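Biologist: I am new to reading structures, and I would like to learn how to look at one feature at a time. Could we go through an example together?

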Amino acid sequence: MTFKKIVLIMAMHSEADPIRDALELEEMDKLHPSLPMDSYKGKIGQTELLLLVNGVDPRFQVDSIGTQPATLATFAAIQAWQPDLILNAGTCGAFKSKGAEIAKVYWGNKVIHHDRRISIPGFKEYGVGDYPVFTDQALAQKLEMEFTTISSGNSLDMCDTDYQILDQEERVVKEMEAAGIAYVAELMQVPYLGIKSVTDLVDGGMLAQDEFLLHLKNSSLALQQKVLALLQEISIK
Ligand code: ADE
C-alpha cells in the first residue's frame, strides 16, 4: 500500500534529526506562531513527506515529550496538511524478558495507555484507548520488524501498577506519545502507523534515564534505518 502525503510525527530532535538530514528535508514556517513544533518537508518519489517535531518547550527549554504536545501536534498537522497517513516514530523502553534488545525496532499493532486507570463503568475502556492502527504483516516481515503493543504513559519511570499492566501484554514497549497521536488520528479518520526503537530495558537493572541517554544515539540511528526503508516501501515511485 502506498500513500500520497505522509506526516511523520516525532517528539525529540535527537530522534528526528538523523531522518531529517538523510532525506534533506527543508524547514518550513511554524504551523502556528505560539506552538513549539518544527516543520520540515520533502519528497520521496511522488510522495510528499512532512515531518513535525514536537519542538522545544518555550519555558522549560527541553523537547516537548508526552501525550499532550503529541496530541496538539497531530491535530495541527492533520488540519494544516490533510495527510493520508500519520507515521509516528520514536524511542521506547521494552522488556528483556519479552525478547527486547537495545536498538531493536518494533511496529505497533496495538496502541494503549497504561496510566489512565479509571474504574468507573464504561470509562475503563476509554482510559485504555486501544486505538486503530495500520499494519502490514508482509511488509513488517520484509523490513524485519516484529509487531508489538505500544503503551503510552507520561512518566519515564514505572510504578508497580504500570509494571503489572504492561506485563499482561505478550510483547510491549513503553513510550510517551503514541496513544495521544493515535487518538487524534482515529477522530480525524487518518490511518496511524507507529514504529519504536528501544533505548532502555525496563527489567534490565539500569535506571531508565541513564540507559535512555546512553543508547539514544544508536537507537535513533536504528530508527532512522527502519523509517527510511519503510518510507521507500510506502511511497509512490
Ligand atoms: N522512551 C524511551 N524509553 C522510555 C521509557 N522507559 N519510558 C517512557 N518513554 C520512553
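This is a predicted model: local features need pLDDT of at least 70, side-chain atom pairs count only at pLDDT 80 or more; totals for chains, interfaces and linings use all residues.

Biologist: Which residues surround the ligand, and how do they divide into nonpolar, polar and charged?

Modeller: The ligand is surrounded by Thr 91, Cys 92, Gly 93, Leu 156, Lys 174, Glu 175, Met 176, Thr 199, Asp 200, Val 202, Ala 208 and Phe 212. Of the residues in this shell, six are nonpolar, three are polar and three are charged.

Biologist: How should I read a helix such as H7, and where does H7 bend?

Modeller: The general idea is that an α-helix has 3.6 residues a turn, so residues three or four places apart point the same way. In this model, H7 bends by about 55° at Leu 216, and its end C-alpha atoms span only 33 Å, whereas a straight helix of 27 residues would span 39 Å.

Biologist: Which residues of H7 are buried, and what covers them?

Modeller: The buried residues of H7 include His 215, Ser 219, Ala 222, Leu 223, Lys 226 and Leu 230. What covers the buried residues of H7 includes helix H1 (13-22), E5, strand E6 (105-113) and E9.

Biologist: What should I look for in the backbone angle phi?

Modeller: Most residues other than glycine have a negative phi. Glu 24, although not a glycine, has a positive phi of about 50°, and the phi of Glu 144 is also positive, near 55°. Glu 24 sits in the loop between H1 and strand E2 (26-27), while Glu 144 sits in the loop between helix H4 (137-142) and strand E7 (146-152).

Biologist: Why does Glu 24 count as exposed, and why does Glu 144?

Modeller: Glu 24 counts as exposed because it has 9 C-beta neighbours inside 10 Å, and Glu 144 counts as exposed because it has 10.

Biologist: Why does Thr 71 count as partly exposed?

Modeller: Thr 71, which lies in helix H2 (residues 67-81), counts as partly exposed because it has 18 C-beta neighbours inside 10 Å. Leaving aside neighbours within four places in sequence, Thr 71 is in contact with Gly 180, Tyr 183 and Val 184.

Key: Residues are numbered from 1 along each chain as its sequence is written. A residue is near a molecule or strand if its C-beta atom, placed from the backbone, lies within 6 Å of it. Ala, Val, Leu, Ile, Met, Phe, Trp, Tyr, Cys and Pro count as nonpolar, Asp, Glu, Lys and Arg as charged, and the others, Gly among them, as polar. Helices (H or I, at least four residues) and strands (E, at least two) are DSSP runs, numbered from the N terminus. The expected span of a helix is 1.5 Å times one less than its number of residues. The bend at a residue is the angle between axes fitted to the seven residues ending there and the seven starting there. A residue is buried if 20 or more other C-beta atoms lie within 10 Å of its own, exposed if 12 or fewer, and partly exposed in between; C-beta atoms are placed from the backbone. Two residues are in contact if their C-beta atoms, placed from the backbone, lie within 7 Å.
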